[in-house]
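Hi everyone, thanks for making time for this. Have a look at it first, and then we'll go through it together.

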Amino acid sequence: SSSSSSSESLWDVLIRHALQHETFLAGLLDYGEVNSKLIAQIPDGMEIPNLKQKLMKIFADHRFQKKAYECLVRACKTDCLIKLKQFYALQNLGMRSDPPHELDGEGHIIVRRRFSDLE
């Protein structure tokens with residue numbers, strides 16, 4: 001879509017600008033919305049204050065997000081299994097019985113009353 005392509009081009013403009021201005025790059029790294037493309041393009045010799053701490057925070061945030069995602073996936077699987085077991089248990093509560101009718105040769109329903117056992 002045009003909005004995603006314009007977002008990508010905006011991101012490219014931000015990266016180009018950041019790679020030319022150390023202060024802007026430092027701010028972008030603090031924001032945390034970085035990708036490997038930006039990190040790989042940081043020019044050698046560019047002095048970014050507290051770069052090591054910024055990168056460590058980015059990697060720690062990424063590890064946290066990955067762990068959180070894994071925990072959520074496990075929780076969802078567990079919830080689905082519990083619900084499936086509950087559904088199966090409810091399904092087995094029903095009683096099987098023959099319908100109170102029969103079909104004639106043409107497929108019409110013939111009502112058959114079963115009162116003979118009550119007499």
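Let me start with a term: I'll say salt bridge when a side-chain nitrogen of Lys or Arg lies within 4 Å of a carboxyl oxygen of Asp or Glu. Please keep in mind that this is a predicted model.

By that rule, the count is two salt bridges. One of them joins the side chains of Asp61 and Lys57, with an N to O distance of 3.1 Å. Both residues sit in helix α4, and because they are four residues apart, about one helical turn separates them. In general, an α-helix has 3.6 residues a turn, so residues three or four places apart point the same way. As for accessibility, Asp61 is partly exposed at 34%, and Lys57 is partly exposed too, at 45%.

The side chains of Asp30 and Lys54 also meet in a salt bridge, at 2.7 Å from N to O. This pair links distant parts of the chain, with Asp30 in helix α2 and Lys54 in helix α4, 24 residues apart.

Which residues of α4 are buried? They are Lys54, Leu55 and Ile58. These buried residues pack against α2, residues 22-31, and α3, residues 36-40.

Further along, Leu81 also lies in helix α4. Together with Leu84 and Phe87, Leu81 makes a nonpolar surface patch of about 320 Å². Leu81 has 46% relative accessibility, so it counts as partly exposed.

Last topic: the cysteines. How many disulfides does a search of the whole structure find? The answer is zero. Cys76, for example, is in no disulfide, and the nearest cysteine sulfur, that of Cys80, is 6.5 Å away. For a disulfide, the two sulfur atoms would have to be within 2.5 Å. Cys76 is partly exposed, with a relative accessible area of 47%, and Cys71, at 41%, counts as partly exposed as well.

That's my tour, and I'm happy to take questions.

Note on methods: Residues are numbered from 1 along each chain as its sequence is written. This is a predicted model: local features need pLDDT of at least 70, side-chain atom pairs count only at pLDDT 80 or more; totals for chains, interfaces and linings use all residues. Side-chain values use heavy atoms; hydrogens and water are left out. Buried means under 20% relative accessible area, exposed over 50%, partly exposed in between (1.4 Å probe, protein chains only). Helices (H or I, at least four residues) and strands (E, at least two) are DSSP runs, numbered from the N terminus. Contact means heavy atoms within 4.5 Å. Patches are made of residues with over 30% relative accessible area and no salt bridge: like charges are joined within 9 Å, nonpolar side chains (Val, Leu, Ile, Met, Phe, Trp, Tyr) within 5 Å. Accessible areas come from the Shrake-Rupley method with a 1.4 Å probe; for residues, only the protein chains shown count as cover.
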